[in-house]
Amino acid sequence: MITISGIQVAPSILNADFANLRSEVEKVASADWLHLDIMDGHFVPNLSFGPAVAKALKAHSRLPFEAHLMVDNPEFHIETFRAAGTSRVIVHVESTVHLHRLVQMIKASGQEAGVALNPATPLNTIDLVLPELKVVLLMTVNPGFGGQTLIPGVLAKIRELRQKIVADGLDCRIAVDGGINRETATEVVAAGADFLVAGTYIFKNRDDPAQVIADLKQLGNAKMSTE
Ligand code: DX5
Ligand code: ZN
């Protein structure tokens, strides 16, 4: 049996209305985390925003903030984001040749450490640091843009990681990021994910963001009642 303590939801503001970010963030107050996609135009072919935006929004939200760093030289930005108010930094395994050192830096800054893997990156790249992580973020699209379609091949990776976390008795969530909607959320939760990052589905939905978030979290209850 898979032990999951509920589904957590983190709205990504990448596809929110940038002209009204404060009210967009206020609409998702019932989420568990706020997900900040930080892009540098090098590691991924897109630019987003930086710590100044995180700091400005933090004054209008009680949610913990997480910075998903899609940048080269992620070590330059760990302290900057902590000072801007983030509680967790997620770095890409592909962005560093010193993953262990980077994870120690994040923890030493007083933040939770997470590691993200691109769709084609194998799980064994994080074996050494896995016991130190609060979250592993499995990219379900190639990073860089919101509004893409989930790559189904990642489902097997979610299952494999869930088995490993259970076997080793680790306290680590499995986050998925990219192309999450009602249908794909059902699939990734069935595979073992317990942390859903969603941008387009929450901010470009006809329904109220609070309702969309509640519906996504409900998937966890459905899963647990079938076990
Ligand atoms: C992609 C980002 C995601 C993205 C998710 O590089 O890491 O967080 O904004 O957006 P949707 O939910 O629109 O796929
Ligand atoms: Zn992200």
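**A look at the salt bridges**

Modeller: Let's start in helix α1 (residues 21-27), where Lys27 and Glu24 sit three residues apart, about one turn of the helix. Helices are DSSP runs of H or I with at least four residues, strands are runs of E with at least two, and both are numbered from the N terminus. One caution: this is a predicted model, where local features need pLDDT of at least 70, side-chain atom pairs count only at pLDDT 80 or more, and totals for chains, interfaces and linings use all residues. Residues are numbered from 1 along each chain as its sequence is written, chains are lettered from A and ligands numbered from 1 in the order in which they are written, and side-chain values use heavy atoms, leaving out hydrogens and water.

Lys27 and Glu24 form a salt bridge, with their closest N and O atoms 2.7 Å apart. That term needs a side-chain nitrogen of Lys or Arg within 4 Å of a carboxyl oxygen of Asp or Glu. Glu24 is buried at 7% relative accessibility, while Lys27 is partly exposed at 41%. Buried means under 20% relative accessible area, exposed over 50%, and partly exposed in between, using a 1.4 Å probe and protein chains only.

Helix α3 (residues 78-84) holds Arg82 and Glu79, also three residues apart, and their side chains meet in a salt bridge at 2.7 Å, N to O. Here Arg82 is partly exposed at 34%, and Glu79 is partly exposed at 43%.

Then there's Asp194 with Arg173, whose closest N and O atoms are 3.7 Å apart. Asp194 is in the loop between α6 (182-191) and β8 (195-198) and Arg173 is in strand β7 (residues 173-177), so this pair ties together parts 21 residues apart in sequence. Both Asp194 and Arg173 are buried.

Finally, salt bridges link Glu66, Arg88 and Glu112 in a network. The structure holds eleven salt bridges.
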